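User: I have a model open and want to go through a few parts of it. Can you take my questions as they come?

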Amino acid sequence: MTAESSERAEHAGTGASYAAAGVDIEAGDRAVELMKEWVKKTRRPEVLGGLGGFAGLFDASALKRYERPLLASATDGVGTKVDLARRMGVYDTIGHDLVGMVVDDLVVCGAEPLFMTDYICVGKVHPERVAAIVKGIAEGCGLAGCALVGGETAEHPGLLGEDDFDVAGAGTGVVEADRLLGADRIRTGDAVIAMASSGLHSNGYSLVRHVLFERAKMSLDQQVEEFGRTLGEELLEPTKIYSLDCLALTRTTEVHAFSHVTGGGLANNLARVIPDNLHAVVDRSTWTPGAVFDLVGTAGDVERLELEKTLNMGVGMIAVVPEESVDAALTTLADRGVDAWVAGEITDRGDRTTGAELTGEYAS
């Protein structure tokens with residue numbers, strides 16, 4: 001053996017490696033094994049293959065029953081709500097939030113959610129944590145009636161701390177062209193039906209975290225009498241998933257439009273589906289926002305208009321229906337356990353510059 005080859009042998013195994021850089025492939029494989037059972041539970045008849053392929057497969061021949069099928073797509077995340085999940089060590093609810101943010105965007109146009117994919121980015125793969133996140137996504141897909149056909153878990157050492165993570169997802173749905181919902185269907189005199197949110201849902205958490213933790217110095221384990229539980233438990237309440245409720249509504253009565261109330265608040269999101277010549281008037285006195293909204297406003301001395309353009313204020317979804325469909329719509333939603341009420345109406349735009357506004361005072 002030459003001196004050069006001896007030196008090479010001495011240093012064998014000391015070169016750079018993926019593991020030395022912080023990426024644990026075996027942990028990733030373990031996470032996949034743990035999540036398989038949850039993904040399997042979301043399976044629809046149209047799904048082909050299993051977990052582990054390079055792409056999820058969905059049999060499009062199932063769409064032959066449509067005269068003119070329109071595919072709808074949406075993508076979203078859950079924002080800084082992931083920070084609260086990390087701090088509390090609760091990983092199996094954030095997936096509900098992710099699904100809700102995606103599928104309820106799809107259903108706004110009347111589309112049935114068909115399937116989703118997810119992307120989970122972590123500083124270090126903890127297999128049980130990743131599996132818990134996917135469990136929540138799978139449970140959310142079950143509530144939405146769609147399949148989870150695939151996803152990606154990426155380990156980013158050096159960019160994220162070992163306990164840091166983020167999630168994102170994309171979904172695809174389908175709607176018959178002549179049943180597409182939207183602004184062109186809305187008429188003067190239509191009723192605005194509000195559906196109650198389950199809490200903050202998944203937007204505005206940068207404001208919420210700033211107000212409650214930085215300004216009010218509250219803690220996640222602090223008991224809050226108005227909530228009947230800890231602050232952390234209230235803040236992690238999963239986003240309500242409305243997709244199957246909205247689809248049921250389209251089957252039982254006439255619906256002109258839906259609006260998913262997320263970032264931007266109720267008025268701004270409702271305005272997105274109102275035609276240029278019409279205006280939506282929503283009466284605050286028809287409901288009382290939950291205690292969490294009052295807490296954020298009071299603790300941070302946040303002006304009402306700022307709250308309303310940031311948070312959902314207790315309304316997570318809006319349906320715009322003709323006046324003669326109101327009773328049937330409320331009955332359908334009540335039968336499905338959805339708290340809903342008539343919150344306003346559609347009028348002529350006149351000289352107003354916005355498509356929707358809130359009037360009156362919230363009920364006490």
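User: Which residues of helix 8 are buried?
Analyst: In helix 8, the buried ones are Ser243, Asp245, Cys246, Leu247, Ala248, Leu249 and Thr250. Buried means under 20% relative accessible area, exposed means over 50%, and partly exposed is in between, with a 1.4 Å probe and protein chains only. Helices (H or I, at least four residues) and strands (E, at least two) are DSSP runs, numbered from the N terminus. This is a predicted model, so local features need pLDDT of at least 70 and side-chain atom pairs count only at pLDDT 80 or more, while totals for chains, interfaces and linings use all residues. Residues are numbered from 1 along each chain as its sequence is written, and side-chain values use heavy atoms, with hydrogens and water left out.

User: Why call helix 8 largely enclosed?
Analyst: Because 7 of the 10 residues of helix 8 are buried.

User: What does helix 8 give to the second largest pocket?
Analyst: Helix 8 gives the most to that lining, with 4 residues. Strand 6 (165–176) and helix 8 (243–252) each supply at least two lining residues. A pocket is an open set of points on a 1 Å grid over the protein atoms alone, with protein on both sides within 12 Å along at least five of seven lines; a cavity is a set where a 1.4 Å probe fits but cannot get out, and lining residues have an atom within 4 Å of a point.

User: How much space is in that second pocket, and what lines it?
Analyst: The second largest pocket holds about 360 Å³. A volume here is the space filled by probe spheres set on the grid points, which are joined across faces, edges and corners. There are 17 lining residues, with Gly110, Val175, Arg179, Leu247 and Thr250 nearest the centre. By class, the lining has 7 nonpolar, 3 polar and 7 charged residues. Ala, Val, Leu, Ile, Met, Phe, Trp, Tyr, Cys and Pro count as nonpolar, Asp, Glu, Lys and Arg as charged, and the others, Gly among them, as polar.

User: Switching to strand 7. Is it buried or exposed?
Analyst: Strand 7 (residues 191–196) is mostly covered, with 6 of its 6 residues buried. Ala191, Ile193 and Met195 point one way, and Val192, Ala194 and Ala196 the other.

User: Which strands does strand 7 join?
Analyst: Strand 7 runs antiparallel to strand 12 (residues 315–321), with 6 bridges, and antiparallel to strand 13 (residues 340–348), with 5 bridges. Strands pair if DSSP finds at least two bridges between them. Alanine 191 has valine 321 as its partner in strand 12, and methionine 195 has alanine 340 in strand 13.

User: Where is arginine 284, and what does its side chain contact?
Analyst: Arginine 284 is in the loop between strand 11 (278–283) and helix 10 (291–300), and counts as buried at 5% relative accessibility. Its side chain makes a polar contact with the side chain of glutamate 308 (2.7 Å). A polar contact is a pair of N or O atoms within 3.5 Å; within protein, one must be able to donate a hydrogen and the other to accept it, and residues adjacent in sequence count only if both atoms are side-chain atoms. The backbone oxygen of leucine 358 lies 3.4 Å from a polar atom of the arginine 284 side chain.

User: How many disulfides are there?
Analyst: The search of the whole structure finds 0 disulfides, a disulfide being a pair of cysteine sulfur atoms within 2.5 Å. For cysteine 141, the nearest cysteine sulfur is that of cysteine 146, 3.7 Å away.
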